[in-house]
Amino acid sequence: MTAGANSVSVAMVGSGGAGVLTTGEMLLEAACAAGWNGLLTRSVGPQIRGGEAASLLRLARSPVECMADQFDLLVGIDWVNAGRFGDEIPLGESSVLVCDPAAGAPPPMAANAKRVIELPIAEITKAHPAWRANMLALGAAGHLLGLDESALHGVIAKRFAAKGSEVVAANVAAAAAGARAVDTERGRVALAPVAQAAAKRWLITGNEAVALGALLGGVRFAAAYPITPASDILEWLAPNLTKVGGTLVQAEDELASVNMIIGASYGGVPSLTATSGPGLSLMIESLGLATAAEVPIVIVDVMRGGPSTGIPTKSEQSDLNIAIYGMHGDAPHLVIAPQSVGDCWLSAQWATGLAEALQAPAIVLSDQFLGQAQTAITRPVERPPTGKRRVADGANLPYARYAAGGDGVSPMAIPGTARCAYTADGLTHTERGTPTSGAHDHVAQLDKRRDKLDGHEYGPLWATIEGDSETAVLAWGSLTGVVREGIAQARADGVSAKLIAPRLLLPTRPAEMSAALAGVKRVLVVEQTHGMQFLKYLRAHYDLPAEVSVLHRPGPLPIRPHEVRQRLIEGGSR
Amino acid sequence: MNAAEPLKCRPSDYKSEVKPIWCPGCGDYHVLMALTRAMAALGLPPERIAVVSGIGCSSRIPAYTNCYGFHGVHGRSLAVATGLKIARPDITVICASGDGDGYSIGGNHFLHACRRNVDLAYIVMDNHIYGMTKGQPSPTTEPDFDTALAPGGTGLRPFNPLVVALASGANFVARAYSGNPNETAELIVDAIKHPGFSFVEILSPCVTYRPDQRSWKDRVHPAPVTPTDDPARAARRLMTDDGFNLGVLYRGHRAPYTPPTAAAMVAPESLEEEFEV
């Protein structure tokens with residue numbers, strides 16, 4: 001049974017100070033404590049603090065990786081500017097609207113929801129000034145979902161423990177009052193209960209998962225320049241790197257942050273920085289340096305809407321081109337894209353190991369959706385292969401840092417190692433590292449850097465391949481979960497499709513892709529860009545079957561599973 | 001610098017076999033001589049030293065030493081040196097630059113390196129010109145100096161690197177002249193030994209595009225005052241001097257940058273616990 005058949009989606013909206021974001025977190029935490037899984041994203045207005053906000057939750061019996069086609073429940077604490085979220089909160093006739101009749105007319109998007117439950121927030125809080133509106137809404141939502149009241153009260157007690165028992169008691173009472181005030185007969189959205197999960201579970205965001213994965217992969221130095229939506233990674237690393245003996249330093253700009261990690265890694269310490277599109281653009285020249293000087297580094301790019309400043313708080317997949325093609329010259333490097341929040345952990349750890357083992361820069365191409373979505377998931381059990389840097393010890397003299405031949409990976413001397421001192425250089429160089437403009441050395445070093453990446457055995461992690469059909473859907477990154485669910489929906493209609501989602505975007509894997517596409521007669525490409533970047537990338541690097549169509553849309557509106565289903569049914573593969 | 005048993009060394013122990021690309025008569029030959037003399041005086045094993053640079057004539061210097069070297073992209077040498085020193089505090093890190101690399105494209109890093117005060121020595125070979133790209137005006141070029149890119153001169157007031165360094169928090173500010181390699185070597189030794197960010201501006205003539213700079217040998221003179229640790233006094237001296245005062249012009253007492261450390265180490269795997277439900 002798919003998650004979609006067993007999930008409930010809840011949207012909560014309210015103006016600044018209404019506590020919508022906190023309420024969303026608490027509802028996810030309580031649902032998680034009751035054994036459910038879930039996914040929480042937030043949408044906020046442009047104000048730095050106090051603007052209108054929406055918590056968008058999907059709670060489910062099994063782990064979910066994308067938002068659903070529509071929301072089953074919309075809770076309006078108030079409707080100030082709520083109309084701005086109209087496109088992001090699709091509602092249907094079966095959707096339930098919970099609102100305060102005193103709050104005025106609901107926004108236009110609520111018109112679709114035919115079932116309305118009144119929650120007299122203003123009336124109740126007037127009678128009980130210590131009760132917060134969002135706690136009433138939390139209690140009401142929890143009750144409608146069939147959430148165990150003790151789980152909710154437990155989360156309230158934990159959240160407000162520092163504020164004292166009176167505050168906890170008032171908030172518990174408010175939640176209980178919210179639960180009593182809603183009439184479940186008017187609209188049921190209850191989620192089927194699950195037995196308490198036996199496996200270890202995590203409540204984590206993609207940005208936290210990336211940071212944890214990189215740290216487990218060996219990263220011990222990070223340089224940071226703040227940028228939305230990547231700062232969370234750096235803020236998590238700042239205290240935690242210190243705890244494991246590493247260091248984070250704040251740089252003056254992204255030009256500095258990337259060069260600081262190049263310096264640290266040249267010194268032998270696995271290093272990382274995290275950024276978003278504008279920062280990646282600034283770092284590109286030095287990514288070429290890391291490629292040419294063969295210094296391993298990891299750059300996490302949490303993609304947001306572009307170009308230029310774009311939409312800093314909303315997701316898009318439009319940094320694919322710059323990640324693949326951004327550098328001048330022929331500059332082979334690694335690009336790895338996580339496919340879910342849990343996969344952020346695995347991809348970051350894998351990317352760190354690959355960068356170290358292959359002495360090349362690795363871009364981890366995450367996005368705002370993955371980075372800032374919080375999920376309750378089963379703790380991932382799969383550990384990626386670890387990678388270690390090959391270092392010189394002074395045994396083979398004279399030392400040639402950039403010796404070609406073999407698998408192309410030449411031992412790297414770490415400063416402090418006697419008899420191996422060399423100069424790392426972004427200039428075309430000889431095997432010893434001496435600058436040259438000769439054709440022979442130029443070609444030899446280009447070959448070396450290409451061959452070490454192309455010749456590496458990446459194993460099954462290169463892509464997620466599921467199902468078998470003459471129709472394949474090709475997607476990447478956060479769209480993988482959407483496509484997986486869309487394929488599951490189409491299957492219920494008797495239409496089959498195979499999912500092919502490359503995790504390793506660079507170097508490309510033509511032989512593996514050909515094997516994955518064997519017997520496939522038509523392909524649907526799904527991506528969140530305006531310019532069809534992924535389609536063009538696929539066409540440039542892989543042999544696709546003759547029949548190719550594309551479902552694409554830029555951010556900020558997500559592509560939803562039913563759109564994939566619809567395209568598969570239209571394509572007709574039975 | 002880092003304490004170690006001094007070795008009995010000669011300057012030639014720190015010179016590589018790579019032949020410099022510099023023009024005959026370039027001031028940078030003397031800077032290389034001064035740098036290797038400084039290294040010999042410090043007695044550090046070459047593999048305990050890293051020389052980091054950017055792009056330009058002066059930035060070719062790492063490969064001419066027998067130390068670990070890093071020749072990166074234009075303007076970012078201080079960032080590379082900062083990352084290296086913070087990650088590897090046991091290595092003595094010397095950052096080398098020129099007036100274009102260090103004061104123009106790398107200007108922001110200069111400000112923040114002074115402010116951050118990581119234990120580095122920063123030597124800038126200043127010839128008031130872009131030599132490698134054949135004679136364009138740099139931030140320190142005189143306003144009326146005629147070039148193809150700025151016919152008749154830029155009309156811009158030159159950048160004052162020593163004042164900027166002082167204002168930005170550099171812990172050690174000195175000026176040297178490449179034509180006095182012994183004195184320059186002494187200033188480099190002093191800069192390396194001094195804790196924190198130590199800045200040495202080295203007047204290093206470009207005989208090809210600035211033949212007028214041959215007159216520098218007659219214009220330079222030792223600073224007529226003793227070094228001060230008072231930034232206000234140093235600022236007044238630096239803003240009123242003739243640009244040819246040589247010696248240590250400011251010596252501060254600011255503690256170098258040290259990254260935070262944890263009271264107790266934990267295993268990386270234990271960090272997973274915060275996410276467990």
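**Salt bridges, cysteines and a domain contact**

Modeller: Let's start with a pair in chain A: the side chains of Glu470(A) and Lys521(A) form a salt bridge, 3.0 Å from N to O. Keep in mind that this is a predicted model.

Biologist: What makes the Glu470(A) and Lys521(A) pair a salt bridge?

Modeller: The cut-off is 4 Å between a Lys or Arg side-chain nitrogen and a carboxyl oxygen of Asp or Glu. Here the N to O distance is 3.0 Å, so the pair passes the 4 Å limit. The two residues are 51 apart in the chain: Glu470(A) sits in the loop between strand 16 and strand 17, and Lys521(A) in the loop between helix 15 and strand 20.

Biologist: Why is Glu470(A) called partly exposed?

Modeller: Buried needs under 20% and exposed needs over 50%. Glu470(A) comes out at 36%, so it falls in between. Lys521(A), at 48%, is partly exposed too.

Biologist: How do you know that Asp493(A) and Arg565(A) tie together separate parts of the chain?

Modeller: Their side chains meet in a salt bridge at 2.7 Å, N to O. Asp493(A) is in the loop between helix 14 and strand 18 while Arg565(A) is in helix 17, so the bridge joins parts 72 residues apart in sequence.

Biologist: Over in chain B, is Arg210(B) buried or exposed?

Modeller: Buried: its relative accessibility is 1%, and the limit is under 20%. Arg210(B) has a salt bridge with Glu142(B), with the closest N and O atoms 3.0 Å apart. These partners are 68 residues apart, and Glu142(B) is partly exposed at 27%.

Biologist: How many salt bridges and disulfides does the structure hold over all chains?

Modeller: There are 32 salt bridges and 0 disulfides.

Biologist: What makes Cys114(B) count as buried?

Modeller: Its relative accessibility is 0%, which is under the 20% limit. Cys114(B) belongs to helix 4 of chain B, whose buried residues also include Phe110(B) and Ala113(B).

Biologist: Why is helix 4 of chain B described as largely enclosed?

Modeller: Because 7 of its 10 residues are buried, the rest of the structure largely encloses it. Just after that helix, Asn117(B) has a positive phi of about 60 degrees.

Biologist: Back to chain A: how do you know that domain 1 and domain 4 are in contact?

Modeller: 11 residues of domain 1 are in contact with 9 residues of domain 4. Together the two domains bury about 810 Å², with 47% of that on carbon and sulfur atoms. On the domain 1 side, Glu65(A), Cys66(A) and Asp69(A) supply 58% of the buried area, more than any other three residues.

Biologist: What salt-bridge count is there between domain 1 of chain A and domain 4 of chain A?

Modeller: The count is 2. Arg484(A) and Glu65(A) also meet in a salt bridge, at 2.4 Å from N to O, and that value is within the 4 Å limit.

Methods:
Residues numbered from 1 in each chain as written. Chains lettered and ligands numbered in written order. Predicted model: local features only at pLDDT ≥ 70, side-chain atom pairs only at ≥ 80, totals over all residues. Heavy atoms only, no water. Disulfide = S-S within 2.5 Å. Buried < 20%, exposed > 50% of the residue type's maximum accessible area, 1.4 Å probe, protein only. Helix = DSSP H or I, 4+ residues; strand = E, 2+ residues; numbered from the N terminus. Contact = heavy atoms within 4.5 Å. Buried area = accessible area lost by both parts, 1.4 Å probe.
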